[in-house]
Amino acid sequence: MAEQINAFQMAQAQFDGVAKLLRLDPAIAEILRWPMREFAFRIPVRMDDGSLRVFQGFRVQHNDARGPNKGGIRFHPSETLDTVRALATWMTWKCAVADIPLGGGKGGVVVDPATLSTTEKERLCRGWVQVMWRNLGPRIDVPAPDVGTTPQMMGWMMDEYSKLVGQYTPGVFTGKPLGGGGSEGRTEATGFGVIYCVREAMKHLKMDPTKCVAAIQGFGNVAQYAAIGFVEILGGKVACVSCWDRKDKTSYTYSHKDGINPRFLLSITDQYGTIDKDKAVAAGYTVEDGAAWITKEADVLIPAALEGQVNAETIKQMSGRVRLVAEGANGPCTPEADEFFKQHNIFNIPDFLCNAGGVTTSYFESVQNDMNFYWTKEEVLQKLDTKLTQAFYAVLEMSEKEKVYMRDAAYMVAIDRVVKAMQLRGWV
Ligand code: NAD
């Protein structure tokens with residue numbers, strides 16, 4: 001069996017492919033294949049029982065040619081330096097494709113946060129900042145929440161940083177709670193961002209959204225607002241959503257003969273994105289196996305749950321009606337699915353363009369913090385729409401000009417912008 005490559009090797013392989021297409025100078029490529037700075041450190045934390053536990057922490061700053069590094073901090077038991085390197089690299093490309101003036105970063109701690117008490121979590125968050133603070137800041141590196149970390153944790157981290165530098169500095173972390181320096185519109189941002197991209201793709205494909213049906217996988221933060229947006233912004237119909245059922249330990253697809261009502265389903269969904277099955281059945285919803293979502297008669301597929309869900313196996317069940325796939329999740333489509341899309345002329349909006357609404361609104365949060373002046377939700381969403389629409393057309397134009405697939409075009413736009421910034425700053 002072929003040896004499996006890790007996430008960082010994959011990120012480097014993707015980059016190498018695009019560097020070749022762009023005929024990039026090998027020395028410039030060598031800079032971008034690797035993070036510019038990496039921090040691996042130990043964080044001692046006093047536990048509630050008085051014992052001392054030492055945690056492994058990381059922060060990787062991939063490239064800050066376009067602006068301060070940006071990216072989440074993950075608390076996960078199987079976190080590794082290579083995972084963090086890969087995610088930091090992808091953040092550089094995501095910020096560049098969205099054309100926000102930020103670079104790429106990512107951080108982590110090897111820990112299962114569910115095993116810690118609230119006070120232990122707080123001490124670990126403050127400990128992470130005590131090690132890293134000299135290399136963080138609104139003009140240096142701006143972390144955010146990610147897997148296993150929450151807005152509350154960002155609040156503690158921002159507080160620790162502010163104490164260490166001696167002044168209130170909310171713009172050093174984003175994803176903070178509303179009222180604690182957070183931005184309006186962050187909850188909707190990623191799902192609505194998916195819909196702004198879908199809207200423009202439909203114009204390009206000459207599809208009438210009011211006559212179109214979408215099938216969505218997932219019903220967490222991204223999928224909920226993608227479903228609401230598809231119905232309320234585009235006037236289309238959503239055939240189904242799906243979710244993991246935490247009680248039954250399996251996944252289900254929820255559909256309705258008239259199309260689902262996303263606001264109703266949201267009202268019976270818990271904070272982890274699990275729909276209350278009994279209430280859905282009572283309201284006339286059909287409940288099927290989790291895999292059924294992809295088989296629905298739909299024009300648009302929005303995988304917005306997990307990675308690798310649209311793959312060599314599942315595409316065989318896909319309805320022949322599908323013309324557009326919008327990647328709400330990170331990495332939901334495998335290379336085999338990409339090949340299938342190319343062969344069947346299915347238009348794909350790649351993840352780091354399609355779900356860039358989250359990081360774009362994080363950038364808006366940081367900007368509002370810096371100004372100490374806050375926008376309304378309408379203003380935030382309007383700015384988000386403008387940004388993502390421009391990003392969509394930059395990628396589409398590259399795709400048409402270079403006759404490449406949208407994913408390659410998105411990489412080309414991103415890498416080209418980072419290289420230009422490095423040249424303009426005289427780095428290369
Ligand atoms: P979430 O935890 O809020 O929701 C995940 C949803 O997926 C839940 O409804 C869960 O029940 C469902 N799910 C889990 N396993 C499933 C399965 N086997 N079958 C069907 N459904 C299943 O997560 P989220 O924030 O909505 O993120 C979803 C994806 O989008 C992830 O890949 C994430 O990395 C990516 N993403 C999120 C954001 C953001 O701002 N939230 C931004 C960029 C990318």
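In what order do the seven strands of the open sheet lie? In this predicted model, the order is E9-E8-E7-E6-E10-E11-E12, and the pairing is mixed.

**View 1. The open sheet and its edges.** Seven strands make up the open sheet shown here. Strand E9, residues 286–289, and strand E12, residues 347–349, are the edge strands, each of which pairs on one side only. On average, neighbouring strands of this sheet are turned by 20° against each other, with direction ignored.

**View 2. The pairing of strands E6 and E10.** Strand E6 spans residues 213–217 and strand E10 spans residues 300–303. The two strands run in the parallel sense and are joined over four bridges.

View 3. Asp385 belongs to helix H13, which comprises residues 377–402. The relative accessible area of Asp385 is 14%, so this residue is classed as buried, the limit being under 20%. Apart from residues up to four places away in sequence, Asp385 touches Tyr196 and Arg199. With Arg199, the side chain of Asp385 forms a polar contact of 2.6 Å.

**View 4. The surroundings of Gly191.** Gly191 lies in helix H6, formed by residues 186–205. Because its relative accessibility is 0%, Gly191 counts as buried. When neighbours within four places in sequence are set aside, Gly191 is in contact with Val222, Tyr225 and Ala226. Val241 stands 50 residues from Gly191 along the chain, and the C-alpha atoms of these two residues are separated by 13 Å.

How values were computed: Residues are numbered from 1 along each chain as its sequence is written. This is a predicted model: local features need pLDDT of at least 70, side-chain atom pairs count only at pLDDT 80 or more; totals for chains, interfaces and linings use all residues. Side-chain values use heavy atoms; hydrogens and water are left out. Two strands pair if DSSP finds at least two bridges between them. Axes are lines fitted to C-alpha atoms, for helices over the stretch in contact, and angles run from 0 to 180 degrees between N-to-C directions. Buried means under 20% relative accessible area, exposed over 50%, partly exposed in between (1.4 Å probe, protein chains only). A polar contact is a pair of N or O atoms within 3.5 Å; within protein, one must be able to donate a hydrogen and the other to accept it, and residues adjacent in sequence count only if both atoms are side-chain atoms. Contact means heavy atoms within 4.5 Å.
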